[in-house]
Amino acid sequence: MNVRTDSVLSLLCDSAGGIIRIIRDDIRFADGVQGRTGVYAVLDELNAMKFRDFLTELYEKQAIFNWEINLRTGDVMKTFYFNGGLFENNALIVASDYSFGHAYFYDEMMKINNQQMVSLRETIKKLSQEMVLKLEQELKTYDEFSSLNNELVSLQRQLAKTNIDLKLAKEKAESADRTKSMFLATMSHEIRTPMHGIIATAELLAHSGLSDTQRKSLGIIMDSGHLLLNVINDILDLSKIEAEEMKLSRVRFRLQETIDHAKGMLRSRAETQQTRMTCYIDPQLAEEYYGDPTRLGQILINLIGNAVKFTYKGDIDLRVFKLSGGGDKQRLRFEVKDTGIGISRENSEKLFMPFFQVDNSLTNQFHSTGLGLSISKRLVAMMDGSIGVISKEGAGSTFWFEIDLDFATEPLHTVNPVSTGIQERRRPEGRERSSTILLAEDNEVVRNILILQLQKLGYEQVITAANGEETLKLWKEEKPDIILMDNQMPVLNGFDATRRIREMERERGMAVYTPIISVTANAMKGDKELSLDAGMDDYITKPVLLDKLREVLDKWLAISDFTAAGREEGNEAESGMLNRKTIEDIVALPWDEQDRELLKQLIGMYRQDMPGKLCLLKEAVEAADYNQMGQIAHAIKSASVSVGLSALGQLLAGFEQHARAQDMIICGALLDEIEGLFKESCEAFDRMIEQTQ
């Protein structure tokens, strides 16, 4: 008896015929679709159409039976009967070469269910085991967490106590720092005020007829005063450096001038000690660099001063040379070599520590605070450089430092005092002696000394005020050319008095701007900024030396003279605003109605174009864009001169020069004057046209 052997294919596929899983494969169907994912890949066109219809009807009816579709088994095409049903939104297909194949369909369905049940039981068992393990781990973790939490609570308590201790320590340190700053500020102010009396009076006496003995005694007074002043400055500098409040500037400067200044400060002391001072500068060095010339000069003065201090009847040699360079940068080495007493190796290692002194006997002999070298080391470090000493006791010392500096590649624009437009107006008139100076100072001694200093400089018209209220009253009544203002005064201090003056100038639309110079004994960080923020224009500290006083007065009276000049003479001032020759070159005299109309159109176009350029100039000033400031001022100057506004052109020429020199203080002061003179010049042009009818 022959037993029928049926060939069965069962599989799961999606609605597009993609095979998900082959469950039973008696006909080696998988070999035909190897590397391919869909049933259609092994069907010819006709049977593919039948299979597509089969899937469509299957998804519509949920189950269908006995669809005839030919499949290839080996090399023979054979008819199979397809049965199908939906299982979890996929098609379960069972194909058999026996027409009653739906029985196989049920068998396959049961197999899948049984497999799923077995899989489900295994999954449940596995999950149960994992849950038990996880629970054990969680219990263990909980125990560990509880232990850690207890430790954390303990640490939090300790941290809270530490925070309280730190807060108290911080408040104590801040209080100590405030006390230190207040002490330094107070001591600086209280010492500088009498020091002004000593040094300034001695300086005035030095200009009078003295005998050799008197001059020698006076020299001792001045040297002692400057020594005490240097001690004060060293302490303030060290305080700023330790508080990280000292900032280095970056300006363009001439190295030769910085070196000459440092040597000049100490040349007389060296000559007194019969010490010869020489200097060598490497010709490979650039003429101009970018950096902080003030602090560089301070380092040189400290090192040269140290050499002078410990060298008697000997030689001091300052050498500056290039070590290396690339691009716009050079590494410079400065050496100060002396033939003085020298230093032992042990002391050399401690030499740059604050307040360190080699020997008490030497201290008594040479007068040293032990701060200069420490400050120099810190300044060199701020410049990313290095400093050191090579010395042998009894054989002299060589102090050296190395720093990198960017050198300037273009010539420095300098201001010719004769061509600024400011000096040209004031020098011939000799306004130094006719300028009125308001001196606001509550200390009678300082006030009298400053009056003597001003008289020495040729200023005879000096009016004085002892407090801020008197200053305001005299400013209104006397209309001074400049105010020298002490910051700390009774009744109304200098800051508030300055603010009141600036407010009244704005409210009254005053054309003449009064420069106000802070003359104060306060030299701590922020004192200068407070003065400028209040509306003052410049800042000098006591003791005030004649050269510094002359410099600041020359600078600010130049602006005051120029802004005031030409406003007191009526028609002369108006004629001074215009260059009639330039205007007559544009339209020759006599002028008829058509000529006057042409001039009106000319000034009209100028008047329409200038406000926009003045606005650009103001924006450039606010952005401190010196290059743009110079270019815009040059353009406005050219336009102004071409239409005959000579005074405005002259003022703009001065502005342009100061912009090239990067002098923001003077540029800011001239800007308001330019705007006012522009309006006045246009009005003067209009009146000139009307007067020629």
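Reply: The structure holds one cavity of 30 Å³ or more. A cavity here is a set of points, on a 1 Å grid over the protein atoms alone, where a 1.4 Å probe fits but cannot get out. This is a predicted model: local features need pLDDT of at least 70, side-chain atom pairs count only at pLDDT 80 or more, and totals for chains, interfaces and linings use all residues. Residues are numbered from 1 along each chain as its sequence is written, and side-chain values use heavy atoms, with hydrogens and water left out.

About 40 Å³ of space lies in the largest cavity. That volume is the space filled by probe spheres set on the points, which are joined across faces, edges and corners. Lining residues have an atom within 4 Å of a point. They are Leu9, Leu11, Phe29, Val39, Phe51, Leu71, Phe82 and Ile93. By class, the lining has eight nonpolar, no polar and no charged residues. Ala, Val, Leu, Ile, Met, Phe, Trp, Tyr, Cys and Pro count as nonpolar, Asp, Glu, Lys and Arg as charged, and the others, Gly among them, as polar.

Phe51 from this lining also belongs to an aromatic pair, with Tyr40. Rings of Phe, Tyr and Trp (its six-membered ring) pair if their centres lie within 6.5 Å; planes under 30 degrees apart count as stacked, over 60 as edge-to-face and the rest as tilted. The count comes to seven aromatic pairs. Tyr40 and Phe51 are edge-to-face, 5.4 Å centre to centre with 75 degrees between the planes. Tyr40 lies in the loop between α1 (29-32) and α2 (45-61) and Phe51 in helix α2, so the pair ties together parts 11 residues apart in sequence. Helices are DSSP runs (H or I, at least four residues), numbered from the N terminus.

Note on methods:
On a 1 Å grid over the protein atoms alone, a cavity is a set of points where a 1.4 Å probe fits but cannot get out, and a pocket is an open set with protein on both sides within 12 Å along at least five of seven lines; lining residues have an atom within 4 Å of a point. Helices (H or I, at least four residues) and strands (E, at least two) are DSSP runs, numbered from the N terminus.
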